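Here is a short tour of one protein model, written to be read with the structure open beside you. We will look at a pocket, then at some helices.

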Amino acid sequence: AQATPSAMHEGGAVSAADLLRLSPGGGRAYGTLMHRLFEQVAFIDEEPPDEQALRTIIEESRDPSVDALQVRATFERSLARPAVRELLSRKGAAGLWRERRFVTHVRGRLVNGTFDRVHLWTDAQGQTTQAMLIDFKTDRVDSQSLHETVARYKEQIDLYRQALAVLTGLDPQAIQARLCFVQDGLVAAVE
C-alpha cells in the first residue's frame, strides 16, 4: 500500500481568489510557487533569501492562473511577520532540509512525499537528537478557525512525523511539528 502525506488531510479552505482563477489547478499552482519561494529561505536570522533567485522564480512563473507578483507580495508580508521569522530562525539547529523528497516504509506502507522544511539538532558526535518539521500552508486562517484547520492537517503531519522518525532514527516524540500559514503569518504547533 502507498500513501502520500499531502493526500491525508480532508482538504483545506479555498479562498475566493482561488475559486476565481482561470484554470482548475490555480490553487495548486499558487501553492507550488509559494513553496518555491520559501525554499529559498535558509535560516532567516543569518541571511536573507537570494533576491536574484526570488526574481528568477517569479519571472519564470508562466501559469496564467496565478498572479506571480501577488504571490511574491504575500511571501514578503509573511517573512515580515514575527512568528514566521522566529520559526525560520536557526535557534541552535545544526542542519536544514528544504523541499526534501523522501520515500520510506511507515507501518507497512510505502510513503512518499516532500518535507517542506526540517530543522535538525545534533549532539557533539553529530547524531541527530531532535527535529522540527515545518509545513507551509496557503489556507486563510484567523484565531477562530486556526484550531479547526490544524486539526484537519493532523493526520497528514503525523504521517510526515513518522516518516521523518524512520529517516532520522529519532523517536517521534523528539520531532516537533509546526504549520506555517503564510497568508496570515500564523504558526501553529501540531501535537
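## The second largest pocket

Lining the second largest pocket are Asp158, Arg161, Gln162, Pro172, Gln173, Ile175, Gln176, Ala177, Arg178, Val190 and Glu191. A pocket here is an open set of points on a 1 Å grid over the protein atoms alone, where a 1.4 Å probe fits, with protein on both sides within 12 Å along at least five of seven lines; lining residues have an atom within 4 Å of a point. Two elements each give two or more residues to this lining: helix 6 (146–168) and strand 5 (175–181). Strand 5 provides the largest share, four residues. Helices (H or I, at least four residues) and strands (E, at least two) are DSSP runs, numbered from the N terminus.

This is a predicted model, so local features need pLDDT of at least 70 and side-chain atom pairs pLDDT 80 or more, while totals for chains, interfaces and linings use all residues. Residues are numbered from 1 along each chain as its sequence is written, and side-chain values use heavy atoms, without hydrogens and water.

## Helix 6

Take a look at Lys154, where helix 6 bends by about 45 degrees; the bend is the angle between axes fitted to the seven residues ending there and the seven starting there. After helix 6 comes Gly169, with a positive phi near 80 degrees.

## Helix 3 meets helix 4

Glu51, Leu54, Arg55 and Ile58 of helix 3 make the contact with Ala68, Leu69, Arg72, Phe75 and Glu76 of helix 4, contact meaning heavy atoms within 4.5 Å.
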